[in-house]
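Work through the exercises below with the sequence and the 3D structure at hand. Try each task before reading its solution.

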Amino acid sequence: MIWQTDWTFGLIGGLMIGCAAAIFLIAGGRIMGVSGILGALIDGTGRQTAAERIAFLAGLIGVPALYVAFTSPVPGNITPSLGLLVLAGLLVGIGTRIGNGCTSGHGVCGMSRFSRRSIIATLIYIGAGALTVLVLRHGLGVI
């Protein structure tokens, strides 16, 4: 089926993220930055909106899990190395703290509002990601 091709999953997922970000901004007046939503739960600054934050994060995790439970998994290329996955997760977490936001906050919400800070942050993390792949895959042959 045409809707089950590789590019359609990305297109549908991108549309869903964009719509969710718009709804979050219009309905709640806040930016849909996942690191900010999670971070405010962890550090306690999001107590007033904790139920909303938890519901958002539950949907973020639960909807893909439901999709996989009722359909066949989407093919992906995840490394079998648990150490590399943990290191990557830690580096992403550190990067979102240093960059004061994540890909959903800067790349989706910030750039759509023409935020100069978000445009610069997005260019930096996309460039750093490309450089990392270039060095690790083509230079060192690690990934």
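**Exercise 1: Helix α1**

Task: Compare the reach of helix α1 (residues 6-28) with the expected value, then find its buried residues and what they pack against.

Solution: The model is predicted. Helix α1 holds 23 residues, and from its first C-alpha to its last it reaches 33 Å. At 1.5 Å a residue, 33 Å is expected, and the reach of α1 is close to that. Next, take buried to mean under 20% relative accessible area. In α1 the buried residues are T8, A21 and F24. They pack against α2 (34-43), α3 (50-70) and α5 (103-112). Just after α1 comes G29, with a positive phi of about 70°.

**Exercise 2: α2 and α3**

Task: How do the axes of α2 and α3 cross, and which residues meet?

Solution: The two axes come within 10 Å and cross at roughly 130°. From α2, V34, G36, I37, L38, A40 and L41 meet A50, R53, I54, F56, L57 and L60 of α3. Sorted by class, this contact has 10 nonpolar residues, one polar and one charged.

**Exercise 3: α5 and α6**

Task: Describe the crossing of α5 with helix α6 (residues 116-139), and sort the contact residues by class.

Solution: The axes of α5 and α6 come within 9 Å, crossing at roughly 130°. The two helices are therefore oblique to each other, and the crossing is left-handed. On the α5 side the contact is made by T103, G105, H106, G107, G110 and M111, and on the α6 side by R117, S118, I119, A121, T122 and Y125. The classes are four nonpolar, seven polar and one charged.

Terms used. Residues numbered from 1 in each chain as written. Predicted model: local features only at pLDDT ≥ 70, side-chain atom pairs only at ≥ 80, totals over all residues. Heavy atoms only, no water. Helix = DSSP H or I, 4+ residues; strand = E, 2+ residues; numbered from the N terminus. Expected span 1.5 Å × (residues − 1). Buried < 20%, exposed > 50% of the residue type's maximum accessible area, 1.4 Å probe, protein only. Contact = heavy atoms within 4.5 Å. Axes fitted to C-alpha atoms, helices over the stretch in contact; angles between N-to-C directions. Parallel < 35°, antiparallel > 145°, perpendicular 65-115°, else oblique. Left-handed = near helix turned anticlockwise from the far one by under 90°. Nonpolar A, V, L, I, M, F, W, Y, C, P; charged D, E, K, R; others polar.
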